[in-house]
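Subject: A structure to look at

Hello,

Here is the structure I promised to pass on.

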Amino acid sequence: QVQLVESGGGLVQAGGSLRLSCAASGRTFSNYHMGWFRQAPGKEREFVAAISWSNGKTYYADSMKGRFTISRDNAKNTVYLQMNSLKPEDTAVYYCAADNRLTYTRWVTDPGRYDYWGQGTQVTVSS
């Protein structure tokens, strides 16, 4: 059974940085896409970034490009989201997700396409 455990959230001032981690277990993830999504109160879950575990190809939401970086550590089965220049509007619960059937790029950014989810970690950015 796939388990995804996020960590690294917290409270940070605007302009600060955080690094989120997603530890994956339960199977071999070599053919999976790993995604980060976020959900603010009263809003829909939105795509943040994703990475192909097999070839390292990365995907970013336009508003995160240049500020957020997704990476993976194969040996630790862990995916990271480095978040810099944080803004109050980045405040949300951040979720890690995984799936191995994301054939098309448009699927990678669609939360409905992911089968496995972590419990989420809260990120709060104060102004």
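This is a predicted model: local features need pLDDT of at least 70, side-chain atom pairs count only at pLDDT 80 or more; totals for chains, interfaces and linings use all residues.

Residues are numbered from 1 along each chain as its sequence is written, and side-chain values use heavy atoms, with hydrogens and water left out.

Read from the N terminus, the order is β-β-β-β-β-β-β-β-β-α-β-β. The radius of gyration is 14 Å, close to the 14 Å that the globule rule gives for 127 residues, so the chain is as compact as a globular protein of that length. That radius is taken over C-alpha atoms, and the rule is 2.2 Å times the number of residues to the power 0.38. Along the principal axes, the C-alpha trace spans about 40 × 30 × 25 Å. Of the 127 residues, 43% count as buried (under 20% relative accessible area; exposed is over 50% and partly exposed in between, with a 1.4 Å probe and protein chains only).

Now to the charged side chains. The structure holds six salt bridges, each being a side-chain nitrogen of Lys or Arg within 4 Å of a carboxyl oxygen of Asp or Glu.

Which residues are linked in a network of salt bridges? They are Arg38, Glu46, Arg67 and Asp90. Within this group, Asp90 meets Arg38 at 2.8 Å, N to O. Asp90 lies in the loop between strands E8 (78-83) and E9 (92-99) and Arg38 in strand E4 (residues 33-39), so this pair ties together parts that are 52 residues apart in sequence. Asp90 also pairs with Arg67, at 2.7 Å, N to O. Arg67 sits in the loop between strand E6 (58-60) and strand E7 (68-73), 23 residues from Asp90. Asp90 is buried at 0% relative accessibility, Arg67 is buried at 12%, and Arg38 is buried too.

Another salt bridge joins Asp62 and Lys65 at 3.4 Å, N to O. Here Asp62 is exposed, with a relative accessible area of 66%.

Enjoy exploring!

Best wishes

Terms used:
Helices (H or I, at least four residues) and strands (E, at least two) are DSSP runs, numbered from the N terminus.
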